[in-house]
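Student: I've got a model open and I'd like to learn how to read it. Can you walk me through it?

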Amino acid sequence: METLLRKLFLAIGLNKSAARLMRRYGARLGAARFVAGTELRDAAEAVKRLNDEGLLATVDHLGEFVRHAEDAKLAADMCLMTLDLIHNEGLQANLSLKLTSLGLDIDPALCESHMRAILSRANELRIFVRIDMEDYAHCQAAIDLYRKLKRDYPNFGIVIQAYLRRSELDVRTLGRNGANLRLVKGAYKESPQVAYPLKKDVDEAFAKLIRIQLKQGYAAIATHDEAIIEQSLRWIADNNIPNEKFEFQMLYGIREDLQKQLADEGYRVRVYVPYGKDWFGYFMRRLAERPANVWFLLKHMRRK
Ligand code: FDA
């Protein structure tokens, strides 16, 4: 049943008409739990609150799989505005972005030119930028562009998904020389040819990738899985890995208790803060990760 629900939410999340319908009727459902708001100002306020509690942030202007060059330009402009706001308001935050929002599916050259503009501004303002990893169909293109741009913009990272069979090799090649990789389990619907279908294999691969990256570079350990966090902390202590070589990352609205607890224990904790009008796909992935969230959603709708 859980697997079916997971597949259903991931499929609906890719549906542009469903997203348009949701936007048009303004049905924000329970998305406010996971999304800071629709405007940049909402993201700034959320980041300030987190910073006040000793948490860092990474801000994401929501949007993905765009098909028109004008939309890609708008998304790039929003990234630039987000960088300016982080700088002007002195927020302790960096930027996360998705290449398909910047036109990767329209024309890779267009996407590269938007990325160069964003990375140049980020470089001037000394703000770190990270490419989120999307579905497998875009993985190689994302890695190729990351490698190309990394030569010119060192303050720049990418995400590697533990569920992909290829990821150990990617971590070993991309994560060397102090590179900063965010490691996640993976949130998209993929075929067993390219991704481990069983959760236990994904968890095992994830723990292994974390250890590899901790040895060779900087690891952003992005998970709410307490067992993995505890296991990693034990391994970190046993191997004398300094706190400067890693951070924990979690999503806005998820396990806020654990975010705060780790920060209070002296670890660097960064919260992923998404904002914007195109929240539907992101929200569906959050429901797919934990179908129990549907009860939360239904309760929220009953109260309205
Ligand atoms: P797991 O799914 O095993 O969950 C462990 C526990 O966490 C659950 O038991 C529950 O308590 C809590 N939890 C997890 N998800 C929840 C939810 N949606 N609602 C409520 N509770 C939840 N993926 C990707 O493919 N590309 C990317 O670029 C990113 N980027 C990214 C950034 C950051 C900062 C994080 C934390 C995650 C991502 N992800 C991602 C998502 C990631 O791949 C994964 O889907 C989620 O983190 C859920 O997996 P966990 O590691 O939390 O473990």
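Tutor: Helices (H or I, at least four residues) and strands (E, at least two) are DSSP runs, numbered from the N terminus. The expected span of a helix is 1.5 Å times one less than its number of residues. Two ground rules: this is a predicted model, where local features need pLDDT of at least 70, side-chain atom pairs count only at pLDDT 80 or more, and totals for chains, interfaces and linings use all residues. Residues are numbered from 1 along each chain as its sequence is written.

Student: What span does helix H6 reach from its first C-alpha to its last?

Tutor: H6 (residues 139-150) has 12 residues and reaches 16 Å, close to the 16 Å expected. Helix H5 (108-125) has 18 residues and reaches 26 Å, close to the 26 Å expected.

Student: Which residues of H6 are buried?

Tutor: Burial is a neighbour count: a residue is buried if 20 or more other C-beta atoms lie within 10 Å of its own, exposed if 12 or fewer, and partly exposed in between, with C-beta atoms placed from the backbone. An α-helix has 3.6 residues a turn, so residues three or four places apart point the same way. In H6, the buried ones are Cys139, Ala142, Leu145 and Tyr146. Seen down the axis of H6, they fall within an arc of 135° and so line one face of the helix; the arc is that of the directions from the helix axis to the C-beta atoms. Turned away from that buried side is a face with the exposed residues Gln140, Asp144, Arg147 and Lys148.

Student: What do the buried residues of H6 pack against?

Tutor: Contact here means C-beta atoms, placed from the backbone, within 7 Å. The buried residues of H6 pack against H5, strand E3 (129-131) and E4.

Student: Which residues of H5 are buried?

Tutor: They are Cys111, His114, Met115, Ile118, Leu119 and Ala122. These fall within an arc of 130° seen down the axis of H5, so they line one face of the helix. The face of H5 turned away carries the exposed residues Ala109 and Glu124. Covering the buried residues of H5 are elements including helix H4 (69-88), strand E2 (93-97), E3, H6 and E4.

Student: How many residues of E4 are buried?

Tutor: In a regular strand the side chains alternate between the two faces of the sheet. In strand E4 (156-161), six of the six residues are buried, so E4 is largely enclosed by the rest of the structure. Phe156, Ile158 and Ile160 point one way, while Gly157, Val159 and Gln161 point the other way.

Student: How do E3 and E4 run, parallel or antiparallel?

Tutor: Two strands pair if DSSP finds at least two bridges between them. E3 and E4 are joined by three bridges and run parallel. Arg130 stands opposite Gly157 in E4.

Student: Where does phi take a positive value just after H5?

Tutor: Most residues other than glycine have a negative phi, and most peptide bonds are trans. Just after H5, Arg126 has a positive phi of about 55°. Phe65 is another case, with phi near 50°; Phe65 sits in the loop between strand E1 (56-61) and H4. Phe65 is partly exposed, with 18 other C-beta atoms within 10 Å.

Student: Which residues come nearest to the ligand?

Tutor: Near means that the residue's C-beta atom, placed from the backbone, lies within 6 Å of the molecule or strand. Of the 23 residues around the ligand, Asp132, Val184, Ala187, Thr223 and His224 come nearest. Elements giving two or more residues to this shell are E4, strand E7 (246-251) and helix H11 (280-289). The largest share, three residues, comes from E7.

Definitions and conventions: Two residues are in contact if their C-beta atoms, placed from the backbone, lie within 7 Å.
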